[in-house]
Amino acid sequence: GGIMVSDDLGSVALQKFYTPTTPYFDARQVALSAFLAGNDLLYVNQFQSTGDADSYTTILHTLEFFTQKYQEDPAFAQRVDISVERILTLKFDLYPDFSLAAVLPEENALESIGISQEVSFEVAQNAATLISPSAGELSVALPQPPGTRDKIVFITDTYGGHQCSTCTELVELSATAFENAVVRLYGPQAGSRVVQYNLSSYSFQDLNKLLNGLMEPEDEAASLEENLREADWIVFSMLNIQTDRPNSSALRRFLSERRDLIDNKKVIAFAFNAPYYLDATDISKLTAYYGLYSKSQSFIDVAARILFQELTPAGALPVSVPGVGYDLIRAMEPLETQVIPLRIDVQSLSSFISPENPSEDIQATESPLAFTVGDTIPLVAGVIYDNNHHPVPDGTVVRFLFSVGGEGGNVQQIETVTKGGIARATYPIQSSGLLEIRAVSDPATVSDILQLDVSQGVSAVVTAIIPTPFETETPTPTQTSTITIMPTFIDVQEADYQPDAWEWLLSILVIWGSAAGIFVVGKRLISIRWGMRWGLLSVIGGMSSYIFLASRIAGSESFLEKADTGAPAFLIIFGIIAGWGIGWVWWQLLEGQRGS
C-alpha cells in the first residue's frame with residue numbers, strides 16, 4: 001500500500017557495478033533499470049553520465065529520455081501511470097486538500113521538529129537487540145550492572161561529515177556521547193550510581209594510535225592504556241567498518257592484538273549502525289554485544305539504560321549476522337515446534353453457510369457449528385509465528401489439508417498465503433463421510449485438527465482436536481525404537497568383554513574434562529589460541545579411541561576380549577595424550593620456523 005524508493009543511483013557502488021570492463025557510465029539506463037525494478041521514486045545524487053558536464057545535464061537528459069519512452073512505449077507509459085497513481089494516493093492520504101497552503105507548514109511549526117522524544121525513545125527501546133550471548137547466558141556473565149566504584153572506559157567510533165562543501169564538520173557520534181548519557185542518567189544529579197572520576201572517554205582514533213604505537217606523551221589520550229588496565233568495564237560504541245577509514249577497524253584490531261587489556265574485564269559493544277561487522281572470533285571475546293541501529297540521542301540513552309540493566313532488549317535482528325549464526329530468512333520461517341491454531345472463520349461464516357443452518361448458531365461462537373453436504377467451510381489458520389516469535393511475514397505459504405474418509409482416505413490440498421500472520425481458505429463439502437482438516441506451513445507441520453462426520457442431508461457438528469505439543473509428540477517412534485533395540489541390547493550383554501553404559505559415560509566425561517584442563521594449561525603457557533588447539537586435538541584423539549572401541553571392528557573386539565574391564569579408559573586416555581602430543585609437536589615446529 002506504499003511506494004518504493006531507490007537508494008542513491010549515483011553511488012560509487014553502482015558505478016562500479018555497471019562499469020566492470022568499460023569506464024563509460026550511462027546514467028539514463030541505470031535510472032531506467034531502477035524504475036523497471038519496481039521503484040516509484042528515484043534518488044539521484046552526483047548522478048552524472050560519462051561525458052556530461054555535470055549532474056544537472058545528466059538529469060535533464062534522463063528526463064528527456066523518460067518522456068520520449070513514455071510517448072512511444074505504451075507498456076512503459078502504463079508502468080509510469082501506476083507509479084504516479086501510487087504517489088498521488090499516498091499524497092492524498094497525507095494531504096486530502098491538494099493545495100500549497102495545506103502542504104507548507106507554518107514557520108513557528110519548525111520549532112516542533114525533533115522534540116518527539118517519547119516516540120523516538122519507544123522506537124529505540126523496541127529496536128534494541130541482544131545479539132550475543134543468549135539472555136540466559138547473559139544473566140550469568142553480567143549478574144550486576146556497573147557499581148559506584150567500578151571504572152568504566154568508553155571508546156567510540158567518531159565519524160564526521162559535511163552537509164555541503166562550505167559547511168562545518170558535523171560529528172555523527174562524539175567521543176563523550178555515551179559518557180554524557182551515563183552521567184545525566186546515573187550521575188550526581190540522578191542518584192549517584194556512578195562517579196564521574198571513574199569514567200573516561202576516548203575515540204577509535206585514540207585506540208588506533210595506541211595499537212600503532214603512535215601515542216605521544218602530550219596527547220590528551222596518553223592515559224588510554226593505563227585506564228584500560230585499571231578498568232572494570234570497557235564499552236565500545238561502533239558505527240560501520242570502512243576500508244577508507246582505518247580507525248573504524250580499531251575494535252577488531254584491539255580484540256585480536258591486545259588481549260592483555262581485556263582479560264577479566266566486562267567488555268560490552270553497542271552497534272549503533274549495522275550489526276554484522278564483527279565475526280564469530282571477535283564476538284566470542286565480548287561479554288555482551290547489542291544492536292541499536294541508530295546513533296540519535298534516544299538510542300544512546302537506551303544503550304546506557306541497557307548497560308545499567310534498567311532495560312531488557314526486546315528487539316530481533318533485522319539482518320543476517322553470520323558472526324552469531326543468525327540467518328534472517330531462517331529466522332522468519334515458521335517456528336517448527338508450534339501448534340498452528342485452526343478454527344472456523346466465524347466472521348465470514350454467514351456468506352457460506354447453507355440456509356438450513358440456524359442464524360443464531362452463526363452469531364453465537366460458543367455454540368457448535370454444523371455443516372452438511374453442499375456447504376462451504378470458511379477456515380482461518382494462525383496467528384503463525386516465526387523463530388523470533390513474531391507473526392510470519394506476509395506471503396508465507398500455508399497448506400490446508402483435507403482428509404476425506406478419515407485416516408488413509410483421499411487427501412485434498414488448498415494452498416494460500418498469510419497476511420498479518422493469518423491464512424484463510426474455504427472448502428466446499430462435496431461428499432458425505434468423515435472429514436478431517438489440518439494446516440501446515442513448513443517447517444511447522446502440527447496444527448489443531450477439525451473433524452466432522454458428514455451424512456447426506458444431515459448436519460454434522462465440527463469438533464476440534466488439540467494435538468500434543470511438538471516436544472512430546474512422536475509416541476509411535478519411541479515405542480518402535482524400544483521394541484527394535486531391546487533384543488539387540490540383550491544379545492550384546494551376553495559377551496563378557498562388553499563395557500557397560502557407565503564406563504562409556506565416564507569415558508566421555510574424561511575426554512571433555514581433560515580437554516578443558518589442557519585448554520587452561522595451553523592458555524597460561526602460550527596463548528588462548530594454542531590452548532584451544534591443544535584442547536580440540538586432545539578431544540579428537542580421545543574420540544578416535546572411543547570410536548575405535550564403539551565401532552566393534554575386528555581389532556577392537558579382540559582388544560576388549562583379551563583386556564580387563566578398565567582397558568577402554570586406558571585406551572581413551574592414551575588417545576587424549578596422543579592428540580595433545582601432536583599439538584605440542586605442531587607448536588614446536590612453528591617456533592622452530594620462527595627462530596630460523
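Predicted model: local features only at pLDDT ≥ 70, side-chain atom pairs only at ≥ 80, totals over all residues.
Close-up 1. The rings of F204 and F236 form an edge-to-face aromatic pair, with 6.5 Å from centre to centre and 80 degrees between the planes. Because F204 belongs to helix α9 (residues 204-212) and F236 to strand β8 (residues 233-238), the pair ties together parts that are 32 residues apart in sequence.

**Close-up 2. Strand β8 and the strands that pair with it.** Of the 6 residues of β8, 6 are buried, so the strand is largely enclosed by the rest of the structure. The burial concerns both faces of β8, with W233, V235 and S237 on one side and I234, F236 and M238 on the other. Strand β8 pairs with β4 in the parallel sense over 5 bridges, and in this pairing F154 stands opposite V235 of β8. Strand β8 also pairs in the parallel sense with strand β9 (residues 266-271), here over 6 bridges, and V235 stands opposite I268 in β9.

Close-up 3. A search of the whole structure finds 14 aromatic pairs. One of them is formed by F154 and F178, whose rings are stacked at 5.3 Å centre to centre, with 25 degrees between the planes. F154 lies in strand β4 (residues 152-156) and F178 in helix α8 (residues 177-186), so this contact ties together parts that are 24 residues apart in sequence. Both F154 and F178 are buried. Together with F270, F272 and Y290, the residues F154 and F178 form one aromatic cluster.

**Close-up 4. The second largest cavity.** The count of cavities of 30 Å³ or more comes to 2, and the second largest cavity holds about 30 Å³ of space. Its lining consists of D157, F204, M238, L239, N240, I241, S248, L251, R252 and L278. By class, these lining residues divide into 6 nonpolar, 2 polar and 2 charged.

**Close-up 5. The largest pocket.** The largest pocket has a volume of about 610 Å³ and is lined by 26 residues, of which L130, I131, P133, S134 and A135 lie nearest its centre. At least two residues of this lining are supplied by each of β3 (129-132), α7 (135-141) and α13 (297-307). The lining of the largest pocket comprises 18 nonpolar and 8 polar residues, with no charged residue.

**Close-up 6. The second largest pocket.** The second largest pocket has a volume of about 320 Å³ and is lined by S256, R259, T281, S284, K285, I528, R529 and M532. The lining of the second largest pocket has 2 nonpolar, 3 polar and 3 charged residues.

**Close-up 7. Antiparallel pairing around strand β20.** Strand β18 (residues 433-440) pairs with strand β20 (residues 449-454) in the antiparallel sense over 5 bridges, and D453 in β20 is the bridge partner of L434. Strand β20 is also joined by 3 bridges to strand β22 (residues 463-465), with which it runs antiparallel.

**Close-up 8. Charged side chains over aromatic rings.** The charged end of R79 sits over the ring of F35, at 4.4 Å from its centre. K69 lies over the face of F76, at 5.6 Å from the ring centre.

**Close-up 9. The exposed residue F570.** F570 lies in helix α20 (residues 567-595) and is exposed, with a relative accessible area of 61%. Although F570 and S545 are 25 residues apart in sequence, their C-alpha atoms are 9.8 Å apart in space.

Terms used
Residues numbered from 1 in each chain as written. Heavy atoms only, no water. 1 Å grid on protein atoms, 1.4 Å probe; cavity = no way out; pocket = protein on both sides within 12 Å on 5 of 7 lines; lining within 4 Å. Points joined across faces, edges and corners; volume = space filled by probe spheres on them. Helix = DSSP H or I, 4+ residues; strand = E, 2+ residues; numbered from the N terminus. Nonpolar A, V, L, I, M, F, W, Y, C, P; charged D, E, K, R; others polar. Pairing = 2+ DSSP bridges. Phe/Tyr/Trp six-rings, centres within 6.5 Å; stacked < 30°, edge-to-face > 60°. Buried < 20%, exposed > 50% of the residue type's maximum accessible area, 1.4 Å probe, protein only. Lys NZ or Arg CZ within 6 Å of the ring centre and 35° of its normal.
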